[in-house]
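Student: I'd like to learn how to read packing features in a model like this one. Could you take me through a few?

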Amino acid sequence: MINQDMLTKEIMADPANKSYTDLGITPLFEAPETAKILIIGQAPGQKTQEAGVCFKDRSGDRLRNWLGVDEETFYQSGYFGILPMDFYFPGKGTSGDLPPRPDFAAKWHPKLLALMPQVELICLVGIYAQKAYLDLPLKASLTQTVQAYQAFGPLYFPLVHPSPRNQIWMAKNPWFETDVLPALKERVKKVLSTCPSL
């Protein structure tokens, strides 16, 4: 039976990831079979890749606050999965990190999703994840998608990236904090309420 360790080795053996594997860099994702909530984000940042833990940064602190969970629940409960759109830091661009490789998620996500049959909620963090998983109009913006979050439930919940760089966006869109985040916390609480040991 295929498991996370086997897929990790398969991903590292892929010629497309050779430059990372040669440097001893392992793909960053978490796919516990007990996962109830899945976070699909963009790609690891450089600091995250160096730490070897998804969302182990200021963005992660903010994300956990949005979800209403602590670090122990997020990392150690087995109820959270994390699948970036690319499992490796893509490099720096002119205005931030480069985007995830466009073909990466399509190749690896289905295999990893199959390991998590109990997922009830998928948080789509950022426009790359949203365009990959939601049937959006071609010109749909991140703001429009997040504001229409109710249309994608109960399985999907679109979110802006929790990066501190999005502080200006949040200031311009106060409805995100007043309307979206309370709904997100309530949805997370409902899913986790059925989980033992929480």
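This is a predicted model: local features need pLDDT of at least 70, side-chain atom pairs count only at pLDDT 80 or more; totals for chains, interfaces and linings use all residues.

Student: Which residues of α4 meet which residues of α10?

Tutor: From α4 come N65, W66 and L67, and they meet F176, L181, L184, K185 and V188 of α10. By class, that contact has six nonpolar, one polar and one charged residues. Here Ala, Val, Leu, Ile, Met, Phe, Trp, Tyr, Cys and Pro count as nonpolar, Asp, Glu, Lys and Arg as charged, and the others, Gly among them, as polar.

Student: How do I put the geometry of two such helices into numbers?

Tutor: Two packed helices are described by the angle between their axes and the distance between the axes. The axes are lines fitted to C-alpha atoms, for helices over the stretch in contact, with angles from 0 to 180 degrees between N-to-C directions. In this model the axes of α4 (residues 58-67) and α10 (residues 175-192) come within 7 Å and cross at roughly 75 degrees. That makes α4 roughly perpendicular to α10; the classes are roughly parallel under 35 degrees, roughly antiparallel over 145, roughly perpendicular from 65 to 115, and oblique for the rest.

Student: What about the aromatic rings?

Tutor: A pair of aromatic rings is described by the distance of the centres and the angle of the planes. Rings of Phe, Tyr and Trp (its six-membered ring) pair if their centres lie within 6.5 Å; planes under 30 degrees apart are stacked, over 60 edge-to-face, and the rest tilted. The structure holds twelve aromatic pairs. One of them is Y149 with F157, stacked at 5.0 Å centre to centre with 25 degrees between the planes. For W169 and F176 the centres are 5.4 Å apart and the planes stand at 75 degrees, so this pair is edge-to-face. There is also a cluster, in which ring pairs link Y20, F29, F87, Y88 and F104.

Student: Are W169 and F176 buried or exposed?

Tutor: Buried means under 20% relative accessible area, exposed over 50%, and partly exposed in between (1.4 Å probe, protein chains only). W169 is buried at 14%, and F176 is buried at 0%. Y149 and F157 are both buried too.

Student: Which residues does K92 contact beyond its sequence neighbours?

Tutor: Leaving aside neighbours within four places in sequence, K92 is in contact with Q46, D97, L98 and R165. K92 sits in strand β3 (residues 92-93) and is exposed, with a relative accessible area of 52%. Its C-alpha atom is 8.8 Å from that of Q46, 46 residues apart along the chain.

Conventions: Residues are numbered from 1 along each chain as its sequence is written. Side-chain values use heavy atoms; hydrogens and water are left out. Helices (H or I, at least four residues) and strands (E, at least two) are DSSP runs, numbered from the N terminus. Contact means heavy atoms within 4.5 Å.
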